[in-house]
Amino acid sequence: MPQPLEAKPVSAEPLLPAVELHQPAVDAAAISVADIRDPALRPIAEKILARQRLSADDGMALFATRDLHSLGMLANSVRVARHGRKAFYNINRHINYSNICALSCKFCEFQRKRGEEGAYEYSAEKIFEIADQAALSGATELHMVGGLHPWLPFEWYTGLLTHLRRRHPQLHLKCFTAIEIDHFARISRLSIKEVLLALKEAGLGSMPGGGAEVFDDRVHDEVFKGKLRSDGWLNIHRTAHELGIRTNATILYGHIETRRERIDHLIKLRQLQESDPGFQCIIPLSFVPNGSDLANLPGPTGLEDIKMLAVSRLMLDNFPHVKAFWIMQTMKLSQVSLNFGVDDLDGTVVWYDITKREAGLGNRHQEQTVDNIRRLIVEAGYLPVERDTLYRRVERTPGGWRIAETFA
Ligand code: V47
């Protein structure tokens with residue numbers, strides 16, 4: 001899938017859009033239990049306001065409520081307490097280096113077998129070219145993941161990172177899901193720790209959160225049989241954290257899983273963050289049925305998307321950030337979600353091959369401009385903050401960019 005070659009530099013000072021800076025709809029920091037209309041939510045509200053940990057049953061009650069307004073107020077009370085009115089975004093570039101994959105997950109429209117129509121793989125040179133465009137356009141991050149490629153050796157990946165690091169020392173390399181890491185360990189006959197150390201040495205900055213799907217054996221066997229199971233995924237992220245590699249986490253929701261299975265997934269993440277901290281954010285991924293083997297399913301509704309984001313904020317009390325990845329939730333809903341616990345919108349993306357909401361639109365060019373991201377954030381009542389991958393503030397300078405401040 002050829003990528004466009006244009007590279008538009010980001011202006012040193014993105015134009016602030018002409019929208020009024022509203023106050024958030026709710027002054028979330030000032031809510032009290034009396035504001036909560038659904039009586040079933042009041043004991044949970046008490047816990048949240050007392051900063052106590054929620055149980056699985058609490059999570060279920062949050063999903064069950066029809067009082068969306070109160071759910072949003074509660075999620076936002078946590079979000080505002082952590083981040084005030086900041087809403088984060090980054091200037092990044094996703095690279096899906098190949099869709100050739102040894103797995104056949106039913107939810108995945110992206111994967112192809114070798115020789116199958118639509119199968120592709122980028123050469124290292126092509127990836128360098130995309131990285132050059134990204135750097136030129138002001139990106140601070142390359143987010144690079146792909147399928148489980150059956151014949152590329154592990155040295156190809158370490159060589160790729162080494163070269164990218166040399167070519168663009170400022171670009172953060174957020175690469176390879178736990179599923180790919182497990183695959184690298186198999187093909188190289190190295191341990192997970194050795195693989196991660198070799199990648200870190202080569203220039204890996206952090207790991208994305210993909211491949212987690214739903215931590216449940218029933219769902220696993222029905223929808224992504226053959227893939228790494230939950231204990232393997234969690235173990236790889238634990239090892240990464242032990243090695244000082246920050247990671248993200250995801251959950252793929254809205255297919256055949258139950259709400260209870262989602263809650264159990266979040267609790268497993270919360271437990272790992274407690275014992276071996278290192279997760280930066282949770283990214284709840286809204287299932288896109290188009291073109292997949294589960295295309296008969298309707299996918300989550302907007303209401304379910306909003307609930308999932310808010311419940312994630314409330315259950316994951318030890319996760320700093322909740323990200324709405326606009327490719328999945330759409331930009332409009334992601335904007336609304338800023339008032340439901342979300343504090344991060346991912347980034348400019350530019351090109352994303354794994355999913356596209358509008359089927360049949362040909363290429364996978366999916367890009368947001370900085371101006372548009374900032375406009376939507378401001379209109380929702382928040383202050384746009386450009387961050388790097390590690391959530392430090394980015395300051396644009398006439399010649400490029402630099403890290404301005406460290407966030408807790
Ligand atoms: O692992 C695949 C999911 C993930 C579909 O870490 C699908 O910052 C919905 O992990 N419908 C890749 N989801 C994306 C990902 C990600 C995205 C943005 C930011 C970060 C981060 C991580 O996409 C896969 C899989 O779970 N996926 N197919 C689908 N049809």
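Strand 1 (residues 86–90) and strand 12 pair in the parallel sense over four bridges, where strands are DSSP runs of E of at least two residues and helices are runs of H or I of at least four, both numbered from the N terminus; pairing requires that DSSP find at least two bridges between two strands. The model is a predicted one, in which local features need pLDDT of at least 70 and side-chain atom pairs count only at pLDDT 80 or more, while totals for chains, interfaces and linings use all residues. Residues are numbered from 1 along each chain as its sequence is written.

Within this pairing, Y89 stands opposite E386 in strand 12.

Helix 2 (residues 56–64) packs with helix 11 (residues 302–315) at an angle of about 155°, their axes being 10 Å apart. The two helices, helix 2 and helix 11, are therefore roughly antiparallel to each other, a term applied to angles over 145 degrees. Their crossing is right-handed, meaning that the near helix is turned clockwise from the far one by less than a right angle. Helix 2 contributes G59, L62 and F63 to the contact, and helix 11 contributes K307, V311, L314 and M315; contact requires C-beta atoms, placed from the backbone, within 7 Å. These residues divide into five nonpolar, one polar and one charged, with Ala, Val, Leu, Ile, Met, Phe, Trp, Tyr, Cys and Pro counted as nonpolar, Asp, Glu, Lys and Arg as charged, and the others, Gly among them, as polar.

The ligand is surrounded by 22 residues, the closest being P208, G209, G210, N248 and V288; a residue is near a molecule if its C-beta atom, placed from the backbone, lies within 6 Å of it. The elements giving two or more residues to this shell are strand 6 (246–253) and strand 7 (279–286). Strand 6 gives the most, with three residues. By class, the shell comprises eleven nonpolar, eight polar and three charged residues.

Technical notes
Axes are lines fitted to C-alpha atoms, for helices over the stretch in contact, and angles run from 0 to 180 degrees between N-to-C directions. Angles under 35 degrees count as roughly parallel, over 145 as roughly antiparallel, 65 to 115 as roughly perpendicular and the rest as oblique. Two residues are in contact if their C-beta atoms, placed from the backbone, lie within 7 Å.
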